Amino acid sequence: MRPPLPPFDRATAAEKVRAAEHAWNTRDPERVAAAYTEDSVWRNRDEYFVGRSAVVDFLTRKWEKENGYALRKELWAFDGNRIAVRFQYEWHDEAGGWWRSYGNEQWEFAADGLMSRREASINDVAIAEADRRIFGARGPDEDDAPLPQW
């Protein structure tokens, strides 16, 4: 079981989103993958894969490339066992170039609260290091702060 469980209300959907944000900011593929069903179906950008082990492989590759990764997620909508999220994250490449990635995710959950489907559309924008605005995991004073506007 991975509470909160569907069907979601505004509070439990927001709790699920914040838990996902906190987990992804650890950059620990095993910890993140534990929130997904063994047969979870993913689309991330142009990649399609199935299964928790594929999630671990994907996240390992992702965080080898996306250095200094720091993420913010925000609840967009919810209904029953589904949640829609918008997000931004910043990272730098091996050459030191900084990027802000904007995206939307659609999530579907099994009755036990594990995510069974994740679809993500993401766009990357090059930024100057001086333009960064996401620095690590949220602090307690930021808990309800909305995402910065682009």
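I began at the start of α1, where a side-chain oxygen of Asp-9 comes to within 3.1 Å of the backbone nitrogen of Ala-11; helices here are DSSP runs of H or I with at least four residues, strands are runs of E with at least two, and both are numbered from the N terminus. I noted that this is a predicted model, in which local features need pLDDT of at least 70 and side-chain atom pairs count only at pLDDT 80 or more, while totals for chains, interfaces and linings use all residues. Residues are numbered from 1 along each chain as its sequence is written, and side-chain values use heavy atoms, with hydrogens and water left out.

I then checked the length of α1 (residues 10-25): its 16 residues at 1.5 Å a residue should span 22 Å, and its end C-alpha atoms are 23 Å apart, which agrees; the expected span is 1.5 Å times one less than the number of residues. Among the buried residues of α1 I listed Val-17, Arg-18, Glu-21 and Trp-24, where buried means under 20% relative accessible area (1.4 Å probe, protein chains only). Just after α1, I found Arg-27 with a positive phi of about 55°.

Turning to the sheet, I read it as open, with six strands in the order β2-β1-β6-β5-β4-β3 and mixed pairing; two strands pair if DSSP finds at least two bridges between them. β2 and β3 are the edge strands, each pairing on one side only, and the twist averages 20° from one strand to the next.

I followed β1 (residues 36-44) and β2 (residues 47-50), which run antiparallel and are joined by four bridges, with Val-41 opposite Val-50 in β2. The two strands form a hairpin with two residues between them, and Arg-45 in the turn has a positive phi of about 55°. For β5 (residues 98-109) and β6 (residues 115-127), also antiparallel, I recorded 12 bridges, and I saw Glu-105 opposite Ala-120 in β6.

Last, I looked up Asn-67 in strand β3 (residues 67-79). Leaving aside neighbours within four places in sequence, Asn-67 is in contact (heavy atoms within 4.5 Å) with Trp-91, His-92, Asp-93 and Glu-94, and a polar contact of 3.0 Å joins the side chains of Asn-67 and Glu-94. A polar contact is a pair of N or O atoms within 3.5 Å; within protein, one must be able to donate a hydrogen and the other to accept it, and residues adjacent in sequence count only if both atoms are side-chain atoms.

Methods: Buried < 20%, exposed > 50% of the residue type's maximum accessible area, 1.4 Å probe, protein only. Axes fitted to C-alpha atoms, helices over the stretch in contact; angles between N-to-C directions.
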